[in-house]
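Keep the viewer open and follow along.

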Amino acid sequence: MVGTQAAWSNWAGNQRSTAALTVRPRTVEEVAEAVRHAADTGRTIRAVGSGHSFTATAVADGHRLDLADLDTGVTVDPARRLVTVPAGMTLHTLNDLLAGHGLALPNLGDIDAQTIAGALSTGTHGTGAKLGCLSTFVTALTLVTGTGEVLRCSADEHRDVFAAARVGLGAVGVLVEVTLRCVDAFVLRAHERPAALAAVLDDLPGLVEKHDHAEFYWFPYTDRVQVKTNDRVPADDRPLPRWRGWLDDEFLSNTVFAGACRLGRAVPALAPGISAVSARALTERTYTGRSDQVFCTPRRVRFVEMEYALPRAALPAALAELRRIVDRLPFKVLFPVEVRFTAADDIWLSHGYGRDSAYLAIHQYVGMPYEPYFRAFEEVATDLAGRPHWGKLHWRTADSLATAYPKFTDFLKVRNRLDPDNRFTNPYLTQVLGA
Ligand SMILES: Cc1cc2nc3c(=O)[nH]c(=O)nc-3n(C[C@H](O)[C@H](O)[C@H](O)COP(=O)(O)OP(=O)(O)OC[C@H]3O[C@@H](n4cnc5c(N)ncnc54)[C@H](O)[C@@H]3O)c2cc1C
């Protein structure tokens, strides 16, 4: 186990902390030891993943736990399609591991840089009307509690802990091992096409229900969207030529887009024109590929983000209000708005608890003003019974979140039992959990 003091910042660069001690345990016993050591010195301790949250959720003021070296072993049960892995493994490593066994996760978000524990802890999701967030794929978890106890939970063991810890905000324990239910490896056919926003909203069920995975991006100051659908197909018979993948995903989506954002930041009056050109520049394309490689793309242009999960029926009203907000802002918005869909689940602090959701994500290029934009949208989303993504910027506090989550009090009870001295707390948890 290595212990050092080190400065940390998240991917977006908007959160920073210097912990008194950073610990890299290699075994579960070393994790428990680190928790007990923090208790002995009267300090808090917090696990961090890949630092891809925009909120201060991973900020560690006391001791920081980095689980990159934690090796609990890998078990694959191909017949039951179950895999048990160390919780600090990245999604990228997991996807390659699964592919080697002819397996895959049923769904993924836009990137694969997160750790498994980090992604689960904030309710990370992809898109798919019949699929819940990544935490719904978990069948068992092992965690170290605030008193240094090692606890395994599943639908049969410590059911309340299982309901809380699958989206646990790092508040109920340090996740050390995760069992995930996978599916047979599959190929996706991606179809991307420009469309009019009104036409997409007119036939939303047609888009969302008929495809395995559907989403769209709205370009501010325009009535244009780019629709993306991914559907399972039997054969990988239309792979993107290497140069086209590089041109679209690396050059246009990252390099050219970065240049456009820098130009829009330097000369804000150009932003609406840039948005319109971006919307028109995106053309139709269809390709096939391994599921995780279609779901996930590199994101090198840095931004800050807020995302709200809304009851699905509230999406048109939210978008209409968002258009009004964007038009009235004293600055320009340089990033498109992403809309995705997930199915209801039963995880207490999952954004999708008990209801089908439409997720609406708003972004702003780093270095540009964003707070009035995000705050104005937060007001609209809160009125529409929205729930903020735990890893993306928001200003909601425990009082209002308690009304948004029916099992909020049950979550607090589990947390108080497993972490009676708030060993895992930080200012973000105080904001959202109230203590
Ligand atoms: C470019 C980009 C794209 C993104 N795309 C998506 C997307 O498509 N869908 C989506 O839903 N989100 C997305 N996100 C958000 C991201 O998935 C979440 O914020 C996720 O939590 C980040 O995981 P991480 O490993 O970086 O964890 P961190 O951000 O480092 O930590 C997140 C939380 O997990 C806790 N934690 C970490 N490890 C453990 C552990 N072992 N035990 C207990 N708690 C732990 C931390 O304390 C913290 O509370 C994106 C973010 C970025 C920057």
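Asp-292 is buried, at a relative accessible area of 9%, where buried means under 20% relative accessible area, exposed means over 50%, and partly exposed lies in between (1.4 Å probe, protein chains only). Its side chain meets that of Arg-290 in a salt bridge, 2.8 Å from N to O. The term salt bridge stands for a side-chain nitrogen of Lys or Arg within 4 Å of a carboxyl oxygen of Asp or Glu. Arg-290 is partly exposed, with 26% relative accessible area.

A quick word on the ground rules. This is a predicted model, in which local features need pLDDT of at least 70 and side-chain atom pairs count only at pLDDT 80 or more, while totals for chains, interfaces and linings use all residues. Residues are numbered from 1 along each chain as its sequence is written, and side-chain values use heavy atoms, with hydrogens and water left out.

Now hop over to Glu-192, whose side chain forms a salt bridge with that of Arg-285 (2.8 Å, N to O). This pair ties together distant parts of the chain: Glu-192 sits in strand S14 (residues 187-196) and Arg-285 in strand S17 (residues 285-290), 93 residues apart. Strands here are DSSP runs of E, at least two residues, numbered from the N terminus. Glu-192 counts as buried because its relative accessibility is 8%, and Arg-285 counts as buried at 8%.

What about Glu-338 and Arg-340? Their side chains meet in a salt bridge at 3.5 Å, N to O, and both residues are buried. They also belong to a network of salt bridges that links Asp-110, Arg-299, Glu-305, Glu-307, Glu-338, Arg-340 and Lys-392. Overall, the structure holds 21 salt bridges.

Definitions and conventions: Helices (H or I, at least four residues) and strands (E, at least two) are DSSP runs, numbered from the N terminus.
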